[in-house]
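Let's take a walk through this protein together. Have a look at the sequence and the model below, and then read on.

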Amino acid sequence: MNIPGLSIPGLSCDPSDLHPTTTATLPAEPSPPRTHILPAGSEYRFELPLKSHLSHPHFSADPASSFSSINAAFTLRVTSGSAELFGTELAPSRPYAFAPGARAAVFSWAGAELEVQGEVESEFVAEETSMAEAANVHFALENLREASTRSGGVGGDASMGGPRVLVLGAKDSGKTSLCKILSSYALRMGRQPVVVNLDHAEGHAAVPGALTATVVAGLLDPESVSGWGSSGITGPSAVPTSTPLVYFYGMEGLGEGIMGGGREPQGGRRGVWKAVVTRMALAVTGRMEDDAEAKAAGFLIDAPAVLGDKKGYDLVEHVVSEFSVNVVLVLGSERLYSDMRRKFAPQGQTSTEESVRVVKLTKSEGCVARDETYMRALRAQQIRGYFFGDKGLSLNPLTVMVGFDDVTIYRYTEASSSTGTSSYLPGNDSDSDSEYQPTLNPSTSSTTIFTKTTPSLGLSNAILAIPHTSAPSTPHADLLTSSIMGFAYVADVDETRKAIRLLVPAPTRLEGRTLVWGDWPEGVVDLLG
Ligand SMILES: Nc1ncnc2c1ncn2[C@@H]1O[C@H](COP(=O)(O)OP(=O)(O)OP(=O)(O)O)[C@@H](O)[C@H]1O
């Protein structure tokens, strides 16, 4: 624990206790190790090449031979001093192995020496960082937590809770990295904040396409593909794993929105997203009402980049209102900051306990723009990691055969119609068994539709969500807002035998279950080789 003021008795544990040495080994013909000296307050930034993704042992097609040990292309260790990665302290001398494509920074408050080995696309020590600003925000949030604790928290109004933070910014402005830093620092103070991932483009302890809420109760895992750690459904793990609350959004973007004052119909993408966000907010805020410590610890919401754009302001308002957000952190954009100030904290308004504080933060120079090729590879890695574990500590997924008649598969897709003939409106679907018959609504130009689907070869390689709700009485309403127990991968569809081979992360009885097949994320072709 090295940030002045962050040390508290009993929490100064040796990180090596929590990060037991894994089976990291160096490559067969390693390049010579290099040393980097980090002066106090500087960070070592590195970008690893993406090209070896598909051949990398972590992500090889043969799980049996590939997931038993890390044979990392790049390793890093702290040889003297102390350093942290996105807020998580690195254990001295322990080699950390990073997956190809990893982009991150190792920061030191008091100075450190690092030894690194392996191929990089770029690496350098940056003396100017935004970590002091992040630490200031952390202390401000900690003040809110202390005030909440002093007030007794439970039973009071929303103002007596701790920080309920929304992080906004443009694409690749460092929103996720800031959430990692702030949740790691909170954890180091003995708090257990909830991280709400509303950015379905990247999975957080789930596959991309999911929205999740996860209690940060153990060290984040810097080596995992997402940097958060994995959801250890089966198999051992060196660091505590997270069991998130999961909802499935299952579409690629959030749509364009309707500019010029119109409202997008409820059945459009945004309507769906808002419905899922409302359900998530109810669950998260409900948990806080029952638990004073959770209420004081608060939550951090990692927002999708579209919320940092004018077209996304209706979504910002929705999130702020549903989660009763009291702190909005704006990364790097003057315009966004001033728009948010105008919206939530207008000048002249007397600040009260319930006011929303809007804070502008500098975007870290270290943030790396990621193109679609990179994001696609990252999604494939995250899906692999969900089933197999993304490190040498493998999970034990299994394949199961189910007959076409054993499960009900709903295709969940968005249909566009230039004439605008249909929409999903909650309460309008009373038919549980028949194919979906959209209701007429002339104002609607795009709608989400659930259609009962007979499996065919087109289902191969798809990711299916398994909702907790099985046999929903009103499928279109129930399936949208049901939490998800897990995901399955369609390994094979045998049309002759009328059976599907599914890869599932843990033994699960699927007979009688309803499965949801979304538009997104895209299937992964070689998950099982
Ligand atoms: N200081 C840093 N040094 C090196 N890399 C960094 C640094 N900060 C962030 N990154 C990397 O930059 C990339 C973008 O950062 P991050 O994911 O935090 O942005 P984001 O705003 O959440 O992105 P998105 O808009 O896609 O959700 C990530 O690969 C992250 O690991």
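Two residues are in contact if their C-beta atoms, placed from the backbone, lie within 7 Å. Keep that in mind for the touching residues named below.

## Before you start

This is a predicted model, so local features need pLDDT of at least 70 and side-chain atom pairs count only at pLDDT 80 or more, while totals for chains, interfaces and linings use all residues. Residues are numbered from 1 along each chain as its sequence is written.

## The chain as a whole

The protein chain has 10 helices and 23 strands. Helices (H or I, at least four residues) and strands (E, at least two) are DSSP runs, numbered from the N terminus.

Of its 529 residues, 47% count as buried. A residue is buried if 20 or more other C-beta atoms lie within 10 Å of its own, exposed if 12 or fewer, and partly exposed in between, with C-beta atoms placed from the backbone. Among contacts with a separation of 6 or more, 76% are between residues 24 or more positions apart.

## The nonpolar core

A nonpolar core is a set of buried Ala, Val, Leu, Ile, Met, Phe, Trp, Tyr and Cys residues joined through C-beta atoms within 7 Å. The largest one here has 129 residues, and those with the most contacts inside it are Val167, Leu168, Ile301, Leu329 and Leu464. Helix α5 (residues 269–289) gives the largest share of this core, 9 residues.

What does leucine 168 contact, leaving aside its neighbours within four places in sequence? The partners are Ala303, Leu307, Gly308, Val316, Val328, Leu329, Val330, Leu331 and Leu336.

Valine 320 sits in helix α7 (residues 313–322) and counts as partly exposed, because it has 19 C-beta neighbours inside 10 Å. Not counting residues up to four places away in sequence, valine 320 touches Leu166, Val325, Phe344 and Val356. Valine 320 and valine 165 are 155 residues apart in sequence, but 9.0 Å apart in space, C-alpha to C-alpha.

## Around the ligand

Now for the ligand: 20 residues surround it, and the closest are Ala105, Lys175, Thr176, Ser177 and Gly366. A residue is near a molecule if its C-beta atom, placed from the backbone, lies within 6 Å of it. β2 (42–47), β7 (103–108) and α4 (175–188) each supply at least two residues of this shell. By class, the shell has 5 nonpolar, 7 polar and 8 charged residues. Here Ala, Val, Leu, Ile, Met, Phe, Trp, Tyr, Cys and Pro count as nonpolar, Asp, Glu, Lys and Arg as charged, and the others, Gly among them, as polar.

The UniProt annotation "binding site", from an unreviewed entry, covers Glu43, Arg103, Asp172, Ser173, Gly174, Lys175, Thr176 and Ser177. UniProt positions are given in the numbering used here, feature names are shortened, and annotations may be inferred rather than shown by experiment. Glutamate 43 is in strand β2 and is buried, because 25 other C-beta atoms lie within 10 Å. Serine 177, in helix α4, is buried because it has 25 C-beta neighbours inside 10 Å.

Most residues other than glycine have a negative phi, and most peptide bonds are trans. Serine 93 has a positive phi of about 70 degrees although it is not a glycine. Serine 93 is in the loop between β5 (88–89) and β6 (96–98). A cis peptide bond joins tryptophan 520 and proline 521, with omega about 10 degrees.
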